[in-house]
Amino acid sequence: MRVIGITGGIGCGKSEVLRYLEGQGEYVIEADKLAHRLMKKGENVYCRIVERFGKGILDIDGEIDRTAFSKVVFNDDKSLSDLNAIVHPAVREYILNDIRVQKEKNTNNYFIEAALLIQDGYKDICDEIWYIYSDKEVRLDRLVKGRGFDRSKYELIMDKQDNDDYYRDNCDVVIDNSGNIIDTLNVVKVLLNKS
């Protein structure tokens, strides 16, 4: 089984690639979605977060109110660091266990998607890492049209993310998604056929 990481900056088109992979029957796990699942009421991560941040972050149903909670953690470096120290190891442990399970099931490829895949140390787990790349202007255009909000909001997010050289230096494959998505998916198809 090949373990393949998929990463790239906001608006690069990772979601389109993931949808394609899932449509081809590939096993895909998205680190952010997994983190949100582990933060659900009753999960160990949930309990540790409530213990650290208090019940004031909960909604009326006892779930973590993500809007209220984000205001707490993203305005305080210590709180964000504490949250990451709870969530990231739990996500990694889940993925490592899941890789073992999928190997036993003879899964062909195991895809892990995360914006901070390299930064969070998944390079040692992955057999290879694919970087989905798109020109900055293409990304900004997609984000404004697709998600709304002001262009300046996305420029601020991009400025906080690592640059193209960082990804190129740390990834095995660069997939240019600046143009037509069909061309991009044809490249992904070729890469899948190599397995």
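This is a predicted model: local features need pLDDT of at least 70, side-chain atom pairs count only at pLDDT 80 or more; totals for chains, interfaces and linings use all residues.
## Basis of the description

Residues are numbered from 1 along each chain as its sequence is written, and side-chain values use heavy atoms, with hydrogens and water left out.

## Overall fold

The protein chain contains nine helices and five strands, where helices (H or I, at least four residues) and strands (E, at least two) are DSSP runs numbered from the N terminus. Followed along the sequence, these elements give the pattern β-α-β-α-α-α-α-β-β-α-α-α-β-α.

The C-alpha trace spans about 50 × 45 × 30 Å along its principal axes.

Five strands form an open sheet in the order 2-3-1-4-5, with parallel pairing, and two strands count as paired if DSSP finds at least two bridges between them. Strand 2 (27–30) and strand 5 (173–176) stand at the edges with a single partner strand each, so one side of each is left without a neighbour in the sheet. From one strand to the next the twist averages 25°. Strand 1 (residues 2–7) pairs with strand 3 (residues 109–113) in the parallel sense over five bridges, and Ile-4 stands opposite Phe-111 in strand 3.

Helix 5 (residues 77–104) lies across strand 1, strand 2 and strand 3, and runs at about 165° to strand 3. Helix 9 (residues 181–193) also packs on the sheet, where it touches strand 1, strand 3, strand 4 (128–133) and strand 5, its direction making about 155° with that of strand 5. Contact means heavy atoms within 4.5 Å, while axes are lines fitted to C-alpha atoms, for helices over the stretch in contact, and angles run from 0 to 180 degrees between N-to-C directions.

## The nonpolar cores

A nonpolar core is a set of buried Ala, Val, Leu, Ile, Met, Phe, Trp, Tyr and Cys residues joined through side-chain atoms within 4.5 Å. The largest has 36 residues, and those with the most contacts inside it are Ile-49, Phe-69, Val-91, Ile-95 and Ile-112. Helix 5 gives the largest share of this core, seven residues. Apart from it lies another core, of 17 residues, among them Trp-130, Ile-132, Leu-185 and Leu-192.

In helix 3 (44–53), the residues Val-45, Tyr-46, Ile-49, Val-50 and Phe-53 are buried. These residues cover an arc of only 130° around the axis, which puts them on the same side of helix 3; the arc is that of the directions from the helix axis to the C-beta atoms. Their cover includes helix 2, helix 4 and helix 5, whereas the face turned away from the buried side carries the exposed residues Asn-44 and Glu-51.

Just after helix 3, Gly-54 takes a positive phi of about 90°. Asn-106, in the loop between helix 5 and strand 3, has a phi near 60°, a positive value in a residue other than glycine, and Asn-106 is exposed, with a relative accessible area of 69%.

Key:
Buried means under 20% relative accessible area, exposed over 50%, partly exposed in between (1.4 Å probe, protein chains only).
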